[in-house]
Amino acid sequence: MSDTSTTPGRRPVVTPTRVVAALCLIAPFVGMLWVSSYSKVEPTLIGIPFFYWYQMAWVPVSAALTSVAYVLVRREQRARKGGDSA
């Protein structure tokens, strides 16, 4: 059996920072896999149906959310190691 209690020298694996990073990574999947939310033509954007521009809008949003998750995890890793080295 493994001991799930935290020892004085160890920090918990699931932290609020990691939860936020996970939500940033899960959001694009939920947004794209929930097809019934965007499977329509209206509203159009400069003649492009909603179905297409909604999917294309997720490309930069996904990149931004992935970058945020990366920065959060890297910052936490540096804090765990106790140094500011890259």
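Author: Helices here are DSSP runs of H or I with at least four residues, and strands are runs of E with at least two, both numbered from the N terminus. Glu76 has its place in one of them, helix H2. The model is predicted, so local features need pLDDT of at least 70, side-chain atom pairs count only at pLDDT 80 or more, and totals for chains, interfaces and linings use all residues. Residues are numbered from 1 along each chain as its sequence is written, and side-chain values use heavy atoms, with hydrogens and water left out.

Reader: Why is Glu76 called buried?

Author: Buried means under 20% relative accessible area, exposed over 50%, and partly exposed in between (1.4 Å probe, protein chains only). Glu76 has 11%, so the residue counts as buried.

Reader: What does Glu76 touch, not counting residues up to four places away in sequence?

Author: Glu76 is in contact (heavy atoms within 4.5 Å) with Thr15, Thr17 and Arg18.

Reader: Why does Ile46 count as exposed?

Author: Its relative accessibility is 81%, so Ile46 is exposed. Ile46 sits in the loop between H1 and H2, and its phi is near 45 degrees, a positive value in a residue other than glycine.

Reader: What makes Val19 partly exposed?

Author: The relative accessibility of Val19 is 39%, and therefore Val19 is called partly exposed. Val19 belongs to helix H1.

Reader: Where is Pro43 found?

Author: Pro43 is in the loop between helix H1 (16-33) and helix H2 (50-81). A cis peptide bond, with omega about 0 degrees, joins Pro43 to Glu42.
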